[in-house]
Amino acid sequence: MEKKPIIEKTIQILDRYSKLYKEISKGRFDNYGAYMAGGHFRDEDELTKPKLAIDFLEEILKFPKDEYIPEQPGRTGIPDFLPRDQRVHPFFLELKGTDTADLATHYSQINQYLKPPLRWGIITNMRDLLVYAPDSPIPVPDYSFSFLQLYKDYKAHKDKIFDFPNTKRFLNFVTHFSYRQLSRQEKIEYIKKAPPWTQLETLDPDELIKSIRTVVGYLVADARTHKTKIAEYFFRYDTKPKEAIAIEIETIACELDRKRTPQPVDAKSLDRYAQAKPNTVEYQAFDVYLARVAYFTMTRILLARIWEDIGFIEQTLYDGGFEKWYEIRNRQIQRVLKEAFNLAGEKYSWLYHVPNNYDWFTPAEDTLIDVLYEFSKFNLGKLNTDVLGTVYEEYVDRVDRKNKGQYYTPREIVKLIWDRVGFNNDEAFFRYENGKRRPKLIFDPATGSGGFLVEAARRIREEARYNDKDFDDLTEIMLAIVDGLQGGEINLFAHYITEVNLLIQLTPIIKKSLMLTNIFINHPSLRFRLFLVIR
């Protein structure tokens with residue numbers, strides 16, 4: 001780290017807002033030094049948090065915008081800024097205005113936030129900065145410093161700036177808390193040595209959605225590198241898979257260009273689409289298809305990790321299990337992933353063992369490292385909300401919305417509609433037959449990513465009357481979801497997403513069953529009643 005440029009850049013940031021200093025102080029101060037020394041202002045929301053602190057975080061500590069979680073208005077009980085990867089950067093940043101004369105008075109708030117994996121709590125008003133370790137009210141002296149003192153020392157004694165104790169503490173802080181990007185091997189080591197979940201973890205669906213977007217980005221980029229070799233993944237004499245993919249790509253092309261006359265396709269057409277030139281509709285259609293391949297791959301990895309985290313299948317992608325299988329499979333992560341899919345396929349063969357248009361793709365080793373590391377940030381066993389639908393709608397099928405008139409209903413509207421029809425109690429969920437509860441049937445003729453069925457499953461799971469300590473009751477709820485929810489869809493890809501989305505909703509019931517019996521007896525016909533409408 002070049003020390004002098006770091007200091008100079010920090011001073012430039014502090015000098016950057018002279019107009020704002022003057023405005024907030026009503027003309028009394030027009031530079032950082034005078035402003036901080038001469039007054040205490042309620043400037044948290046207009047200066048210290050959105051200006052000085054963000055600039056320092058991004059320009060000095062080098063955090064990219066997508067690598068930290070900014071303050072989320074309306075959400076309480078969380079710090080102002082959190083790194084997204086809190087294992088590499090186990091600290092948080094709490095911001096105050098300059099009207100906070102003594103930062104130490106907020107120690108109780110800082111200590112409340114200091115829970116694993118966080119090991120450092122930082123509080124600043126951009127005049128002073130204090131760093132705390134857990135359960136110690138004394139700021140850590142090696143990392144706590146004064147911005148104002150640094151500013152004064154630099155302005156008065158630029159040539160001797162490195163001689164001051166405050167400067168040394170400032171540089172210690174920057175060195176210790178700056179953004180660090182892990183190497184591939186470091187990521188592998190983090191996954192191998194990841195501690196078991198304590199079940200005290202929380203899962204932020206918004207952060208998981210961001211990670212899903214990141215993972216899909218990795219997989220899309222990887223899938224594109226396979227484009228010209230896609231036909232090689234199938235046996236030469238097996239033309240059906242290649243023809244099926246070519247048909248899907250031609251369908252996408254016709255949706256992109258409504259004036260296009262559908263072209264006859266066969267197995268050989270796949271090579272023609274793969275070699276299409278940029279800016280042609282065939283090229284664009286193939287790119288949409290590859291995005292579906294990437295998203296499908298992500299959903300299978302995500303579901304396998306969810307099932308591992310609840311103990312439904314053996315750990316292979318996280319928590320000790322990864323280390324074991326990484327060595328057994330000769331440190332080849334592709335083979336580890338295959339093992340995970342085999343285990344998941346024993347529980348739900350249709351998704352993992354039945355051939356389809358997307359399962360030919362196996363991500364490269366480096367891509368898999370990035371994907372598994374990204375998901376290793378979360379205890380996915382705690383997921384019980386619809387995260388797939390949100391990403392699916394915004395990321396993949398813009399073509400469908402634009403050209404087929406498919407508009408996916410926002411989740412808030414889905415909830416409102418179910419509320420208005422009274423789908424929120426046992427009488428709505430079940431009918432009685434010979435004294436036993438039987439699920440009332442729900443049919444969605446155009447499921448999309450499954451929003452209506454997913455919300456219905458969540459309500460049955462969370463609002464029906466049942467004893468979650470009774471295995472028979474849990475089985476009854478499971479069958480209400482599996483047998484009672486039905487849907488149809490013309491889009492093959494949306495059909496798969498709905499299936500995975502419902503499996504995620506079913507997972508908490510599976511988890512409770514496992515806690516009672518330590519086994520899960522598969523329903524002999526465990527397969528959601530979703531139908532692909534062939535046009």
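**Figure 1. Strands β5 and β6 run antiparallel to each other.** This close-up, like the others here, comes from a predicted model. Strand β5 covers residues 128–132, and its pairing with β6 takes in 2 bridges.

**Figure 2. M126 sits in the loop between β4 and β5.** Have a look at the backbone here: M126 is not a glycine, yet its phi is positive, at about 65°. Is M126 buried or exposed? Its relative accessible area is 2%, and because buried means under 20%, M126 counts as buried.

**Figure 3. A cis peptide bond links P116 and P117.** The omega angle of this bond is about 10°. To find the place, go to the loop between α5 (107–113) and β4 (120–124), which is where P117 is found.

**Figure 4. Helices α1 and α4 pack against each other.** Helix α1 is made of residues 3–15 and helix α4 of residues 44–60. Two packed helices are described by the angle between their axes and the distance between the axes. For α1 and α4, the angle is about 155° and the axes are 10 Å apart. Angles over 145 degrees count as roughly antiparallel, and therefore that is the label for α1 and α4. The way α1 passes α4 is a right-handed crossing. On the α1 side of the contact you'll find I6, K9, T10, I13 and L14, and they meet L52, D55, F56, E59 and I60 of α4. Sorted by class, this contact between α1 and α4 has 6 nonpolar, 1 polar and 3 charged residues.

**Figure 5. K62 lies in the loop between α4 and β1 (68–69).** Here is a residue with a positive phi of about 65°, although K62 is not a glycine.

**Figure 6. Helices α19 and α21 meet at an angle of about 60°.** Helix α19 spans residues 411–420, helix α21 spans residues 451–463, and their axes lie 10 Å apart. That angle makes α19 oblique to α21. As for handedness, α19 passes α21 in a right-handed crossing. Who touches whom? From α19 come R411, V414, K415, I417, W418 and D419, and from α21 come G451, F452, E455, A456 and R459. Count this contact of α19 with α21 by class and you get 5 nonpolar, 1 polar and 5 charged residues.

**Figure 7. N425 belongs to the loop between α19 and α20 (426–429).** How far apart in space are N425 and A464, C-alpha to C-alpha? The distance is 6.1 Å, while in sequence N425 and A464 are 39 residues apart. N425 is partly exposed, with a relative accessible area of 27%.

**Figure 8. Strands β7 and β8 make a hairpin.** The two strands, β7 at residues 430–433 and β8 at residues 436–439, pair in the antiparallel sense over 4 bridges. One place to check this is F430, which stands opposite P439 in β8. Between the strands of the hairpin there are 2 residues, and N434 takes a positive phi near 55°.

**Figure 9. T297 is a buried residue of helix α12.** The helix covers residues 281–309, and T297 has a relative accessibility of 4%. What does T297 contact, once its neighbours within four places in sequence are left aside? The answer is L219, F361 and P363.

**Figure 10. E339 is part of helix α14.** This helix runs over residues 333–347. E339 has a relative accessible area of 14%, so E339 is buried. Leave out residues up to four places away in sequence, and E339 touches T316, W325 and R329.

Note on methods:
Residues are numbered from 1 along each chain as its sequence is written. This is a predicted model: local features need pLDDT of at least 70, side-chain atom pairs count only at pLDDT 80 or more; totals for chains, interfaces and linings use all residues. Side-chain values use heavy atoms; hydrogens and water are left out. Buried means under 20% relative accessible area, exposed over 50%, partly exposed in between (1.4 Å probe, protein chains only). Contact means heavy atoms within 4.5 Å. Two strands pair if DSSP finds at least two bridges between them. Axes are lines fitted to C-alpha atoms, for helices over the stretch in contact, and angles run from 0 to 180 degrees between N-to-C directions. Angles under 35 degrees count as roughly parallel, over 145 as roughly antiparallel, 65 to 115 as roughly perpendicular and the rest as oblique. A crossing is left-handed if the near helix is turned anticlockwise from the far one by less than a right angle, and right-handed if clockwise. Ala, Val, Leu, Ile, Met, Phe, Trp, Tyr, Cys and Pro count as nonpolar, Asp, Glu, Lys and Arg as charged, and the others, Gly among them, as polar.
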